[in-house]
Amino acid sequence: MEPSNLNEEQDQNSWALNAWTLLSKLRDQSPLIQCITNFVSMDLMANTLLSAGASPAMIHSIEEIQDFTPHIHALCINVGTLSPAWLPAMREAALVANKAGKPWILDPVAAGASRFRLKACLELVGLNPSVIRGNGSEIIALSKASLGATKGVDSSHESMDAMEAAKSLAQSSGAIVAVSGAVDIITDGHRVVGAHNGVSMMQKITATGCAVTALIAAFIAVDPMHALEATASALSIFGIAGEMGMDMAKGPASLRMHLIDSLYNLDQAAVSSRLKVTSL
């Protein structure tokens with residue numbers, strides 16, 4: 001075997017072992033994940049967290065933040081169905097999480113679609129999220145702080161188109177930035193890795209992006225000191241579950257069901273044989 005091939009195989013084995021270790025810790029610890037998210041995604045997000053072994057809490061009322069949020073293990077904020085009434089709770093939860101030393105993850109859905117949405121997302125970026133996970137168009141909009149070409153919540157850009165924007169946003173925000181696409185990109189502003197698992201049919205199921213952001217929050221909860229590795233592992237695990245689900249699915253509806261089942265039943269052999277993460 002060529003030395004380069006041997007090193008690549010060793011890297012894959014290391015990534016696979018790390019991803020399996022984190023998933024095992026998640027299942028053992030069942031971290032409490034608070035999700036302030038959109039109405040479209042609540043069901044799939046909660047079921048994704050449950051099937052992975054976490055404990056979801058879909059609490060978004062500002063009246064509960066001070067009492068509840070200090071006791072969570074991680075917070076996920078998703079701006080999908082954003083309204084002025086929800087923004088104060090998002091801000092407050094991020095501030096309380098920061099004060100309590102709990103990681104929080106931002107999903108800036110359709111960040112470049114309107115001035116209201118962009119301003120809200122930029123304000124949340126300024127509240128020190130551990131991870132920002134979006135599609136190419138969302139990450140480019142945040143990096144440039146400007147409205148951009150977008151098709152509602154869908155991306156007009158491939159993940160690779162947003163690599164430099166992701167690195168810039170990571171450097172300016174201090175967050176790990178993940179860009180979903182055919183290859184998921186994860187960067188801390190300097191190091192860049194690509195997670196290559198998943199199937200295109202997942203794009204035909206609403207809220208799969210939202211769900212994987214919640215899964216990232218759960219992985220960060222069990223390993224907050226290694227946010228880049230935890231983020232790449234969560235994206236890979238979700239992608240593998242999608243691949244396994246697709247083996248049994250006939251279309252988007254059955255893939256949704258089999259995705260959740262596959263995530264619940266995922267074992268080390270599947271992770272070791274399927275996971276693919278590379279340096280970019």
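Which residues in H4 are buried? In this predicted model, local features need pLDDT of at least 70 and side-chain atom pairs count only at pLDDT 80 or more, whereas totals for chains, interfaces and linings use all residues. Residues are numbered from 1 along each chain as its sequence is written, and side-chain values use heavy atoms, with hydrogens and water left out.

**View 1. Helix H4 and its buried residues.** Leu87, Ala89, Met90, Ala93, Ala94, Val96 and Ala97 are the buried residues of H4 (buried, under 20% relative accessible area; exposed, over 50%; partly exposed, in between; 1.4 Å probe, protein chains only). These residues pack against S1, helix H3 (62–68), S3, strand S4 (104–107) and helix H5 (115–125), where contact means heavy atoms within 4.5 Å and where helices (H or I, at least four residues) and strands (E, at least two) are DSSP runs numbered from the N terminus. After H4 comes Gly101, which has a positive phi near 75°.

**View 2. The aromatic pair of Phe39 and Trp86.** One aromatic pair is found in a search of the whole structure. Phe39 and Trp86 form this edge-to-face pair, at 5.3 Å centre to centre and 75° between the planes (rings of Phe, Tyr and Trp, the last by its six-membered ring, pair if their centres lie within 6.5 Å; planes under 30 degrees apart are stacked, over 60 edge-to-face, the rest tilted). Phe39, at 55% relative accessibility, counts as exposed, whereas Trp86, at 12%, counts as buried.

**View 3. Val193 in strand S8.** Val193 lies in S8 (residues 192–195) and, at 0% relative accessibility, counts as buried. Not counting residues up to four places away in sequence, Val193 touches residues including Trp15, Ile185, Leu228 and Val277.
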